[in-house]
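Keep the 3D view open as you read.

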Amino acid sequence: MSSDVSPNHAWLARSLRSVWHPCTQMKHHEALPLVPVARGEGAWLYDFEGRRYLDAVSSWWVNLFGHANPRITAALTEQLRTLEHVMLAGFTHEPVVLLSERLSSLTGLGHAFYGSDGASATEIALKMSFHYWRNRGFPGKTRFVSLRNGYHGETLGALSVTDVPLFRDTYAPLLGESTQVASPDWRQARNGESAEQVALRMAGELAGHLERDHAATAALILEPLVQGAGGMAMYHPSYLREARRLCDLHGVHLIADEIAVGFGRTGTFLACEQAAIRPDFVCLSKGLTGGYLPLSVTLTTDEVYAAFYDDDTTRGFLHSHSYTGNALACRAALAVLDIFEQDGVLESNRAKSADLSRLCEGVARHPRVRDFRNTGMIWAFEVQTEDPLFARRFHQLALDRGVLLRPIGGTVYFMPPYVIGLEHMDILVTATIDALEHVA
Ligand SMILES: Cc1ncc(COP(=O)(O)O)c(C=O)c1O
């Protein structure tokens with residue numbers, strides 16, 4: 001490494017030579033530099049030359065309590081001294097038992113099956129649902145329904161129920177068939193229609209589909225309240241209540257993919273709580289470990305579990321991943337749940353949500369901004385621009401102002417870690433308004 005190359009540039013060049021970065025056309029990095037990160041602290045990420053960036057998207061929505069959180073780090077350090085990992089087939093350990101018990105009491109779903117990423121959690125739910133119906137004597141229930149504009153991950157099974165063309169279209173020939181029904185996104189409101197009326201109108205399409213196709217349908221999968229990767233579409237909880245009712249009526253499972261919205265993002269621990277419903281499956285990941293380690297979990301009911309409990313091996317759920325129930329990841333998750341309990345996180349987030357919404361009035365009123373919206377600790381708006389490269393350009397404009405934002409198409413969103421304070425909010429809002437002034 002020659003001494004006249006800055007540390008940032010040295011890491012950047014080495015990364016581009018050897019690392020294939022996710023969700024990226026690598027050639028774009030000829031114009032848009034990577035950001036080499038040396039360390040994180042609280043809501044901030046620091047590069048190798050001391051420049052800092054406010055992590056306003058919680059590093060792809062995983063971070064809850066800040067980078068290098070001392071309490072999670074302490075719990076992990078202790079766990080490292082005890083047990084890093086043991087295979088979960090034929091073995092068990094304290095962190096996985098404690099975590100499963102606590103998640104069960106938080107969700108009302110008593111059986112926890114672990115994976116490593118969000119996509120594995122949704123695939124597990126899809127496979128379990130299909131296998132449940134097969135074990136119960138309905139092998140014809142092989143199909144899945146999801147919402148238009150929904151996102152459930154990008155492995156082949158998860159992508160089969162994902163409806164984001166950018167991720168899906170290239171791989172369409174490899175994917176299983178699934179049906180998409182209308183999204184309840186409130187932006188589709190007709191004159192004078194409330195968000196709830198939109199939700200109920202859109203549920204009509206689900207009702208029609210299930211009436212026709214319930215015999216062949218295993219499950220409906222959806223992101224409760226906010227469709228994240230599809231562009232932060234928000235909708236009224238009445239849709240979830242209606243979806244639950246229709247699934248019950250037609251003998252179809254309801255899978256709540258709470259990977260992005262769980263762990264307090266929408267204001268309640270689970271988004272489904274706002275509709276007072278219990279899904280048949282809940283998928284969790286991202287915030288589960290506070291952004292420390294990859295871990296996901298699919299939780300389900302006694303009824304589903306019982307359908308697999310048998311002398312016959314093949315009636316069991318034979319799915320596995322090597323790192324299923326990793327002890328370190330489970331310990332991080334336990335530390336996250338401790339923080340929720342000890343710090344009254346949901347309550348203090350309510351005040352933070354109100355503060356940032358108030359500070360965002362200038363953003364919402366900006367002449368380029370449309371459909372400013374907020375649910376809990378998620379804010380989003382559309383930016384009117386003719387620039388086809390808006391997302392990349394705005395990302396760079398925000399980075400130049402010390403803030404990490406990563407628009408989805410023309411949608412800018414904030415999904416900050418819960419440690420965000422008023423001083424961070426000021427920086428975020430000022431940088432956003434300033435960046436908006438420079439949009440082409
Ligand atoms: C709702 C939802 N489901 C599933 C996933 C996939 O999770 P992962 O990226 O960990 O595979 C995501 C990721 O953004 C998500 O937002």
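Which strand is Gln180 found in? Gln180 sits in strand E6, which covers residues 179-181. Bear in mind as you look that this is a predicted model.

Is Gln180 buried or exposed? With a relative accessible area of 18%, Gln180 is buried, because anything under 20% goes by that name. Its side chain has a polar partner, too: the side chain of Ser146 makes a polar contact with the side chain of Gln180 at 2.8 Å.

Around the ligand you'll find Trp61, Asp117, Gly118, Ala119, Tyr151, His152, Gly153, Glu223, Asp257, Ile259, Ala260 and Lys286. Sorted by class, that shell has 5 nonpolar, 3 polar and 4 charged residues. A few atom pairs deserve a click. From Gly118, a backbone N or O atom lies 2.8 Å from an oxygen atom of the ligand. Ala119 has a polar backbone atom 2.9 Å from a ligand oxygen. Asp257 uses its side chain: a polar atom there is 2.7 Å from a nitrogen atom of the ligand. How much of the ligand's accessible area does the protein cover? On its own the ligand has 390 Å² of accessible area, and the protein covers 83% of that.

Next, the empty space. Rolling a probe the size of a water molecule over the atoms shows where space is left unfilled. Searching the whole structure turns up 1 cavity of 30 Å³ or more. The largest cavity holds about 40 Å³ of space. Its lining is made of Trp61, Leu64, Ile259, Ala260, Gly262, Phe263, Arg265, Ser285, Lys286, Gly287 and Tyr418.

Last stop: the second largest pocket, with a volume of about 390 Å³. Which residues lie nearest its centre? They are Leu88, Val96, Ala112, Tyr114 and Thr324, out of a lining of 19 residues. Helix H4 (94-107) supplies at least two residues of this lining, and so does strand E4 (111-115). The lining of this second largest pocket divides into 9 nonpolar, 9 polar and 1 charged.

Definitions and conventions
Residues numbered from 1 in each chain as written. Predicted model: local features only at pLDDT ≥ 70, side-chain atom pairs only at ≥ 80, totals over all residues. Heavy atoms only, no water. 1 Å grid on protein atoms, 1.4 Å probe; cavity = no way out; pocket = protein on both sides within 12 Å on 5 of 7 lines; lining within 4 Å. Points joined across faces, edges and corners; volume = space filled by probe spheres on them. Helix = DSSP H or I, 4+ residues; strand = E, 2+ residues; numbered from the N terminus. Nonpolar A, V, L, I, M, F, W, Y, C, P; charged D, E, K, R; others polar. Near = heavy atom within 4 Å. Polar contact = N/O pair within 3.5 Å; in protein donor to acceptor, adjacent residues only side chain to side chain. Areas by Shrake-Rupley, 256 points an atom, 1.4 Å probe, with all protein chains shown as cover. Buried < 20%, exposed > 50% of the residue type's maximum accessible area, 1.4 Å probe, protein only.
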